[in-house]
Amino acid sequence: MRLFYDSVCLNVISIFAVLIIGIVTYCKWAYKYWERLGVPYLDPSIPFGNIKEFILLKLSVAEVSAKHYIAAKAKQYKHVGIFGFIRPEYMPIDLELIKCILTKDFNYFTDRGYHYNEENEPLSGNLFLLGGNKWKKTRTKLTPTFTSGKMKMMFNIVVECSQKLKQVIETEHKQGPINIKKFLEQFTTDVIGSCAFGLNCNTFDESESDFCKYAKRLFLPTTFEKIKGFCTVYIKSIHKFFNMKIIPTDVSEFFLKTVRNTVEYRQANNVTRNDFMQNLIDFMKTESSLTIEEVAAQAFVFFVAGFETFSSVMMYCLLEVALNQEIQDKLREEVNRYEQITYDSLNGLVYMRQVVDEVLRKYPPIAFLNRACTKDYQVPNTKLVLKKDTPILISILGIHHDPEYFPEPEKFDPERFSLENKERLTQFSYMPFGEGPRLCIGLRFAFLQMKIALAMLLKNYKFSINNKTQLPLKMNPKSFVMSPMGSIWLDVKKI
Ligand code: HEM
């Protein structure tokens with residue numbers, strides 16, 4: 001019996017050892033990928049490649065890619081090869097090269113390389129995930145939804161929501177310091193729920209409305225959902241084999257049902273409203289029509305793309321003005337030049353634009369851009385040919401903190417974006433909304449929202465930092481957008 005037991009143990013250990021040796025040998029071979037192509041690369045570690053700190057939750061994915069950018073730049077590389085586990089990824093460092101990928105040779109890089117499957121998962125057929133011709137057609141259809149004329153139509157909805165934000169700050173600030181992010185998230189849910197889904201979410205009154213519940217659920221995935229998300233990016237074969245969905249089924253069903261109800265209600269009752277949903281519904285009637293699932297997918301992505309980005313930019317804005325009182329005073333002076341905030345007065349808020357631009361430089365919420373090579377690509381002025389499907393990673397955070405383009409990058413200085421200085425910025429050194437044909441479609445709407453909310457808050461309140469805020473900020477390694485670990489607590493005084 002003892003002999004049998006020993007032999008089983010020996011066999012198990014041998015199989016295990018062979019497996020380990022096999023994995024190590026394969027990794028070592030895979031890690032020669034960039035060397036074989038003559039591309040400089042950063043030393044990977046088995047089995048993580050170059051993303052160990054991200055996998056072990058020491059740094060956020062944004063910080064890890066910025067670290068790669070800095071390391072490559074220090075060695076004066078124009079481009080660098082990295083590995084996400086064993087997946088080779090290409091990171092351009094030189095801005096001319098970045099320009100080629102994002103604009104000049106865009107037809108080689110039309111896709112982000114993320115998974116989507118509209119039949120299996122209708123909401124994945126959204127503008128952010130789509131690639132190739134489908135993306136192009138959808139982008140052409142949606143572009144008119146974001147013209148300045150359409151923004152003007154949505155102005156009143158955003159003002160209404162900002163009044164509710166003011167009311168809640170009015171009550172809450174009397175109780176002590178406020179955790180500003182929570183209220184900004186509620187505000188964003190109200191705005192996008194209203195503009196993209198045509199709903200009065202009443203987030204401030206009813207914190208557990210269904211809309212809020214599913215929105216929160218989407219941004220707080222379970223461990224299993226995180227693993228699935230991870231497979232989508234790094235181990236596509238597993239993702240495809242198990243036909244995994246990227247959006248949780250209950251969330252998907254809720255958003256689809258909500259859109260269906262809204263469309264049916266408006267059509268049955270002949271109701272129209274000045275919002276994104278109306279534009280999408282109008283498309284359903286045209287020749288180049290959208291199906292109800294396509295409408296839902298776009299409304300869904302407007303919500304997802306706008307939620308974390310907007311609330312984090314606003315939070316960093318208020319943090320920086322709380323830390324820099326003279327900037328806050330100057331901003332307030334500008335806002336107070338207008339008795340009332342109107343759509344036209346927003347254009348006059350020039351200094352506010354500088355402040356927001358600097359916030360977006362220092363804390364770009366989407367800190368890296370993804371592209372995938374859709375056909376073999378000869379990298380200009382080199383012998384390198386990038387193979388079809390090679391993932392491309394551009395570190396916005398790294399570029400925005402590069403002292404060559406922004407001296408003293410950690411300093412918060414809105415003067416970098418004065419009219420005069422803005423003209424001197426190196427092309428492609430500032431890309432908080434991305435660049436090229438896949439540039440953020442919601443840019444105008446984001447500025448509309450930010451200017452209205454900031455103007456309303458600064459007109460009525462003075463913000464200073466409360467010592468419950470842990471400074472310097474440490475980024476949350478679990479978050480895909482630039483989000484701090486702890487909360488930002490502000491003392492608020494009525495003016
Ligand atoms: C401050 C707020 C925002 C920031 C910083 C931001 C940033 C970005 C960035 C960096 C991209 C990728 C661009 C690229 O790959 O070149 C993007 C794409 C996108 N954004 Fe935004 N965004 C913001 C707000 C919004 C809002 C409010 C909406 C919708 C109402 C929106 C909708 C989208 C969509 C649909 C895409 C995909 C565009 C495409 O692939 O054609 N974003 N955004």
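I begin with Tyr26, which sits in helix H1, residues 2-30. Helices here are DSSP runs of H or I with at least four residues, strands are E runs of at least two, and both are numbered from the N terminus. Please note that this is a predicted model, in which local features need pLDDT of at least 70, side-chain atom pairs count only at pLDDT 80 or more, and totals for chains, interfaces and linings use all residues. Residues are numbered from 1 along each chain as its sequence is written, and side-chain values use heavy atoms, with hydrogens and water left out.

Tyr26 counts as partly exposed because its relative accessibility is 45%; buried means under 20% relative accessible area, exposed over 50%, and partly exposed in between, with a 1.4 Å probe and protein chains only. Together with Trp29 and Ile86, Tyr26 makes a nonpolar surface patch of about 330 Å². Patches are made of residues with over 30% relative accessible area and no salt bridge, like charges being joined within 9 Å and nonpolar side chains (Val, Leu, Ile, Met, Phe, Trp, Tyr) within 5 Å. The areas come from the Shrake-Rupley method with a 1.4 Å probe, and for residues only the protein chains shown count as cover.

I turn now to charged pairs. How many salt bridges does a search of the whole structure find? The search finds 23, a salt bridge being a side-chain nitrogen of Lys or Arg within 4 Å of a carboxyl oxygen of Asp or Glu.

One of them joins the side chains of Lys67 and Glu53, at 2.5 Å from N to O. This pair links distant parts of the chain, 14 residues apart: Lys67 lies in helix H4 (residues 61-74) and Glu53 in helix H3 (residues 52-55). Lys67 is partly exposed at 42% relative accessibility, and Glu53 is partly exposed at 28%.

Another salt bridge brings together Glu118 and Lys134, at 2.9 Å from N to O. Here, too, distant parts of the chain are linked, 16 residues apart: Glu118 is in the loop between helix H5 (95-104) and helix H6 (132-142), while Lys134 is in helix H6. Glu118 has 25% relative accessibility and so counts as partly exposed; Lys134, at 41%, is also partly exposed.

Finally, Lys73, Asp402 and Glu404 are linked in a network of salt bridges.
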